[in-house]
Amino acid sequence: MKEFAADPSHPRYDSLLNRYILEDAAEKGMLAGSALIAHGRGEAYDYLIGEQTIDCAMRATKHALNHLKNAEKPVISVNGNTTALAGEDLLKLASMLNCPIEVNIFYRTPKRMQVLLNHLEEIKQKYGLEVEILGESPDSRIPGLEGPRAKCCEDGIFSSDVILVPLEDGDRCEALVAMGKTVIVVDLNPLSRSAKMGSITIVDEITRVAKNLVSMFENLDENLDLPFDNDSNLRLALKHINESLIDLSSFID
Ligand code: PTJ
């Protein structure tokens, strides 16, 4: 793998770094075949959002963290893209929450599962984190889904009451909501089915979200009771995108 050559002063440094990380992860066999396409779709929305955490995303992040902290059985579910981009911060968050992290991928192959589990295990060792990593031996199924994507762990996703599940597929999100869970979605596309189906949707880039969750953990008010309505919050994200488009249209004669 070539060295990452971009200078931190580059205005789009973070975006270039994420591409580099994903190229590297693809070479290691961590990603699904369509992972870079999915990332590109996210990038397009991020461009319109201004590659920043907008106010409604911060509000959703605080609300999500409040739910995770007050959950009886929280769990963090990670796929290939999320593990590559935000594995470190999400493992730190899992350690703070004292909850398991479950590798649960849409395009499931034993080889990918092993590479992802090993990657998380290495991060865990590096930082000396005490986190249970699940996913290797699924012993349960998400009701209402067919095939390998329904597989999950009884001690993780299946029995959780609050689940953080970034970059999720719409069907699985719907099935998790139907199980009665509070489903926290991270998706840059406020129009995606997952964004609309989720209980709390954070319209923001996963590396920024993971960092925000870790940095806010200590300081979040224990009794925080933010009024929150997911549909209204999604509309605020769309309003922000719409305003960006109106600004951009000033370039057109
Ligand atoms: O590792 P696997 O097998 O579970 O597969 C993972 C992918 C992401 C390939 C799979 O779940 C997939 O195909 O996802 P979709 O249906 O393309 O949805 C991905 C959603 O995530 C899209 O709505 C993107 O806008 C959004 N997205 C992509 N990159 C990011 C993102 N949202 C936040 N942060 C990102 N970095």
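Predicted model: local features only at pLDDT ≥ 70, side-chain atom pairs only at ≥ 80, totals over all residues.

Colleague: What makes strand β7 largely enclosed by the rest of the structure?

Modeller: A residue is called buried under 20% relative accessible area. Five of the five residues of β7 (residues 182-186) are buried, so the strand is largely enclosed. Both faces are covered, with Thr182, Ile184 and Val186 on one side and Val183 and Val185 on the other.

Colleague: How do you know that β7 pairs with β6 and with β8?

Modeller: Two strands pair if there are at least two bridges between them. Strand β6 (residues 162-166) is joined to β7 by five bridges, and the two run parallel. Pro166 stands opposite Val186 in β7. Between β7 and strand β8 (residues 200-202) there are three bridges, again in the parallel sense. Ile184 has Ile200 as its bridge partner in β8. Both counts therefore meet the cut-off of at least two.

Colleague: Which element does the chain cross through from β6 to β7, and what is the hand of the crossover?

Modeller: The chain passes through helix α7 (residues 170-178), and this β-α-β crossover is right-handed. Right-handed is the term if the path over the helix runs clockwise with the strands pointing away from the viewer.

Colleague: Which residues of β1 are buried, and on which sides?

Modeller: Five of the five residues of β1 (residues 74-78) are buried. Pro74, Ile76 and Val78 point one way, while Val75 and Ser77 point the other way.

Colleague: How do you know which strands β1 pairs with?

Modeller: By the bridges again. β1 and β6 pair in the parallel sense over three bridges, with Val162 in β6 as the bridge partner of Pro74. Three bridges also join β1 to β2, and these run parallel; Ser77 stands opposite Glu102 in β2. Together β1, α4 and β2 make a right-handed β-α-β unit.

Colleague: How many cavities are there, and what lines the largest cavity?

Modeller: The search of the whole structure finds one cavity of 30 Å³ or more. The largest cavity has a volume of about 30 Å³. It is called a cavity because a 1.4 Å probe fits but cannot get out. The lining consists of Cys56, Thr201, Val203, Asn230, Asn233, Leu234 and Ala237. Helix α10 (residues 230-249) gives the most, with four residues. By class, the lining has four nonpolar, three polar and no charged residues.

Colleague: Why is the pair of Phe106 and Tyr107 called edge-to-face?

Modeller: A pair of aromatic rings is described by the distance of the centres and the angle of the planes. Here the centres of Phe106 and Tyr107 are 4.8 Å apart and the planes stand at 80°. The rule asks for centres within 6.5 Å and planes over 60 degrees apart, so the pair is edge-to-face. The count comes to one aromatic pair.

Colleague: Why is Phe106 called partly exposed?

Modeller: Its relative accessibility is 31%, which lies between the 20% and 50% limits, so Phe106 counts as partly exposed. Tyr107, at 45%, is partly exposed by that rule too.

Conventions
Residues numbered from 1 in each chain as written. Heavy atoms only, no water. 1 Å grid on protein atoms, 1.4 Å probe; cavity = no way out; pocket = protein on both sides within 12 Å on 5 of 7 lines; lining within 4 Å. Points joined across faces, edges and corners; volume = space filled by probe spheres on them. Nonpolar A, V, L, I, M, F, W, Y, C, P; charged D, E, K, R; others polar. Buried < 20%, exposed > 50% of the residue type's maximum accessible area, 1.4 Å probe, protein only. Phe/Tyr/Trp six-rings, centres within 6.5 Å; stacked < 30°, edge-to-face > 60°.
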